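These are my notebook entries on a structure that I looked up piece by piece. I record what I asked and what I found.

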Amino acid sequence: MRAWLALQSGRRPHDLAPAESGAEALGAVRTVRAHTAAALERVRHGERPDEADLAALNELQRAAPAVSELAWNGRAVAVERRRAGPFGARAAAWLAEAAAELLADPAVVKVRQCEADDCVLLFLPAHPRRRWCSAARCGNRTRVARHYRRHKPEQAPRLD
């Protein structure tokens, strides 16, 4: 989780420092992931999500209330959204809020599962014919495997 938070440094709120992450935070984030995955699977297929998943995501957001804090940045008044509470609750609330925005977005029905055999990622395709989460990773591995299957030499039968 620390590595993921570090990768998200430009996207996550400033009050989520990777050094604070621990077992409690990891459990809360996994809870968000489970409820988001269940709701997303239904919503992206145009189905109604389970009320328990929506209620859980709402409760996770309430556990760390958001406040818009005002501060002077040297030139003007700036607003920064911060959440109150322990790190695990703040991280879960931040992710649950992002999940809520995704689930409410009309483009959610365009979210796809990567077609690579060993990939579990979902993605929002920029092009309607896109099949992989990453053309450089999953797409290339799939094309290489297909090429190998077509061109691999026939194995001679063993004479034991």
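**Entry 1: Cysteines**

I began with a definition: a disulfide is a pair of cysteine sulfur atoms within 2.5 Å. In general, a disulfide is a covalent bond between the sulfur atoms of two cysteines. Before applying this, I noted that the model is predicted, that local features need pLDDT of at least 70, that side-chain atom pairs count only at pLDDT 80 or more, and that totals for chains, interfaces and linings use all residues. I also noted that residues are numbered from 1 along each chain as its sequence is written, and that side-chain values use heavy atoms, with hydrogens and water left out.

How many disulfides does a search of the whole structure find? I found zero.

I then looked up burial, where buried means under 20% relative accessible area, exposed means over 50%, and partly exposed lies in between (1.4 Å probe, protein chains only). Cys-133 is buried, at 15% relative accessible area. Cys-138 is buried as well, with a relative accessibility of 1%.

**Entry 2: Overall layout**

I listed the helices (DSSP runs of H or I, at least four residues) and strands (runs of E, at least two), numbered from the N terminus. The protein has five helices and four strands. Their order from the N terminus is α-α-α-β-β-α-β-β-α. Of the 160 residues in the protein, 30% are buried.

I also looked up contacts, meaning heavy atoms within 4.5 Å. Among contacts between residues at least 6 apart in sequence, 40% join residues at least 24 apart.

**Entry 3: Helix H3**

Helix H3 covers residues 51-62, twelve residues in total. Which residues of H3 are buried? I found Asp-53, Ala-56, Leu-57, Leu-60 and Gln-61. They lie on the same side of H3, because they cover an arc of only 135 degrees around the axis, the arc being that of the directions from the helix axis to the C-beta atoms. The buried residues of H3 pack against helix H2 (23-43), strand S2 and helix H4 (87-104).

At the start of H3, I found a side-chain oxygen of Asp-50 within 3.0 Å of the backbone nitrogen of Ala-52.

**Entry 4: Arg-83**

Arg-83 belongs to strand S2, residues 77-83. Is Arg-83 buried or exposed? Arg-83 is buried, at a relative accessible area of 13%.

I next looked for its polar contacts. A polar contact is a pair of N or O atoms within 3.5 Å; within protein, one must be able to donate a hydrogen and the other to accept it, and residues adjacent in sequence count only if both atoms are side-chain atoms. The side chain of Arg-83 makes such a contact with the side chain of Glu-97, at 3.1 Å. A polar atom of the Arg-83 side chain also lies 3.2 Å from the backbone oxygen of Gln-61. Gln-61 is one of the buried residues of H3.

**Entry 5: Arg-44**

Arg-44 sits in the loop between H2 and H3. With a relative accessible area of 11%, Arg-44 is buried. A polar atom of its side chain is 3.0 Å from the backbone oxygen of Val-111. Leaving out residues up to four places away in sequence, Arg-44 touches Val-108, Val-109, Val-111, Arg-112, Gln-113 and Leu-122.

**Entry 6: Salt bridges**

I used this rule: a salt bridge is a side-chain nitrogen of Lys or Arg within 4 Å of a carboxyl oxygen of Asp or Glu. The count comes to ten. One of them joins Glu-41 and Arg-44, with the closest N and O atoms 3.3 Å apart. Glu-41 is partly exposed at 37%.

Another links Glu-115 and Arg-131 at 2.9 Å, N to O. Glu-115 lies in the loop between strands S3 (112-113) and S4 (122-123) and Arg-131 in the loop between S4 and helix H5 (135-151), so the pair ties together parts that are 16 residues apart in sequence. Glu-115 is partly exposed, at 44%, and Arg-131 is partly exposed, at 35%.

Finally, I noted that Glu-69, Glu-80 and Arg-82 are linked in a network of salt bridges.

Conventions. Expected span 1.5 Å × (residues − 1).
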